[in-house]
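Please view the sequence and the structure first, and then follow the description below.

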Amino acid sequence: MWFFALIFLVLFLGDLVWGWKTSMRVRRLPRPWAGFAMASVIAFAMLQAAGIILLFFGRRLDWPVETLFPKPIIAGVYIWHCLVLLPLAFLWFLWRIAAGVLRIARALSRLKRAETPQPRSENDVSRREFVAASLCTAPALLALGGTGMAAYQWNQFRIRRLTLPLANLPKALDGLTIAQVCDLHVGVFTRGAVLDKIVEATNSLRADLVMLPGDLINYSLSDLPVALDVAKRLEGRHGSFVCEGNHDLFENPEAFRKLTTDAGLRLLVNDTAMLSIRGVPVQVLGLRWGAAYGDPRATSSRGDLAIEGSMKELLTLRQREAFPILLAHHPHAFDFAADIPLTLSGHTHGGQLMLTKDFGFGPAMFRYWSGLYQKADRALVVSNGVGNWFPVRVQAPAEIVHLTLRSV
């Protein structure tokens, strides 16, 4: 908790410092631009400071902040603080260190050469002030541009079609299709008309199975009825299956599990479901989030030890005569599913912010982050997810995965 409080304090003070420093810069611009620029900078800084206060304390005090304010405003607060201000504060800190070292070096150099600094002309001063004002205001313009990009993305997703040959797939199951609908994150950035689009797109695939590997909701259980309605409307010839994700459990793990089960969804929390497809027994295994004991919301619940322990428990339910499919929100479960030919995961959002296919948050945080991975006769499919917890994606588009299994 103290870590998040520290981050909040840094960001809040960053808003105030940026607003003060930038307003002092732009006030030197020619009139009437100076007045307009100062008012804009101060308004932006105050809006961002108020936004970070409301978001930080809103969840802790159960304020309906994320439903009261328009999505672009909330997105702007996220993007400004996470993608602009926080990196900016870090770079400013490094720059101050470098500037101090450079200043000392220049002072020593002048002493050696007994030189005096040359006066700058008035034009040089004006040019420097304009450049300084431009540099100070550029981060705000970048945040506004990012917010516009995010708003365009919220209702966009793709259908990613993959054909997967499996050596141990029974011949009768050749051509089996799966719609993998991960990370709905019903909440602040995934709500309204896009949910109907997701249902329509999924049902148009006419898949044999619909799999939802976790994160039906973004945070609040107040969004769960809408998420459950979406999940219940998804149509698979042989049914739909759900496992839990970390966001599902943020507010109240027991309540999420009970409400989801009571709604009639087949939620598998270290449990399995048996069904028959084309005369072949198929077993769907759903991995719990985290360890059997302790708080599933703790950081330790996403670690390999917790995943390995839960996998060992789940595998005791394995029916040898059935073809198994594992639903595991965290893709690292693949490393502990040695006897499972197919694992379906999400959680990574494809890395969310990727500069290239292999460089970004995905590979920095996960061993598997997007697409198809194979080991011997086993395969893992990691979906980028179709919803959003963070407002913007870069090189990691939202998606529904349509998977066709082939027997070889």
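Strand 2 (residues 177–180) runs parallel to strand 3, and three bridges join the two. The model is a predicted one, in which local features need pLDDT of at least 70 and side-chain atom pairs count only at pLDDT 80 or more, while totals for chains, interfaces and linings use all residues. Residues are numbered from 1 along each chain as its sequence is written, and side-chain values use heavy atoms, with hydrogens and water left out.

Helices (H or I, at least four residues) and strands (E, at least two) are DSSP runs numbered from the N terminus, and two strands pair if DSSP finds at least two bridges between them. Opposite A179 stands V210 of strand 3. From strand 2 the chain passes through helix 6 to strand 3, in a right-handed β-α-β crossover. Right-handed here means that, with the strands pointing away from the viewer, the path from the first strand over the helix to the second runs clockwise.

Strand 3 also pairs with strand 4 (residues 240–243), in the parallel sense and over four bridges. Within strand 4, C243 is the bridge partner of P213. The chain crosses from strand 3 through helix 7 to strand 4, and this β-α-β crossover is right-handed as well.

Strand 3 is mostly covered, with five of its five residues buried (buried means under 20% relative accessible area, exposed over 50% and partly exposed in between, with a 1.4 Å probe and protein chains only). In a regular strand the side chains alternate between the two faces of the sheet. Both faces of strand 3 are covered, as L209, M211 and P213 are buried on one side and V210 and L212 on the other.

Which residues of helix 7 (residues 224–233) are buried? They are L224, A227, L228, V230 and A231. These residues lie on the same side of helix 7 because they cover an arc of only 160 degrees around the axis, the arc being that of the directions from the helix axis to the C-beta atoms. The buried residues of helix 7 pack against helix 6 (193–204), strand 3 (209–213) and helix 8 (253–262), where contact means heavy atoms within 4.5 Å. On the other side of helix 7, P225 and K232 are exposed.

## Backbone details in loops

Most residues other than glycine have a negative phi, and most peptide bonds are trans.

P32 is in the loop between helix 1 and helix 2 (33–60).

## Lining of the second largest pocket

Helix 1 (2–26), helix 4 (71–113) and helix 5 (122–153) each supply at least two residues of the lining of the second largest pocket. Helix 1 gives the most to this lining, with 11 residues.
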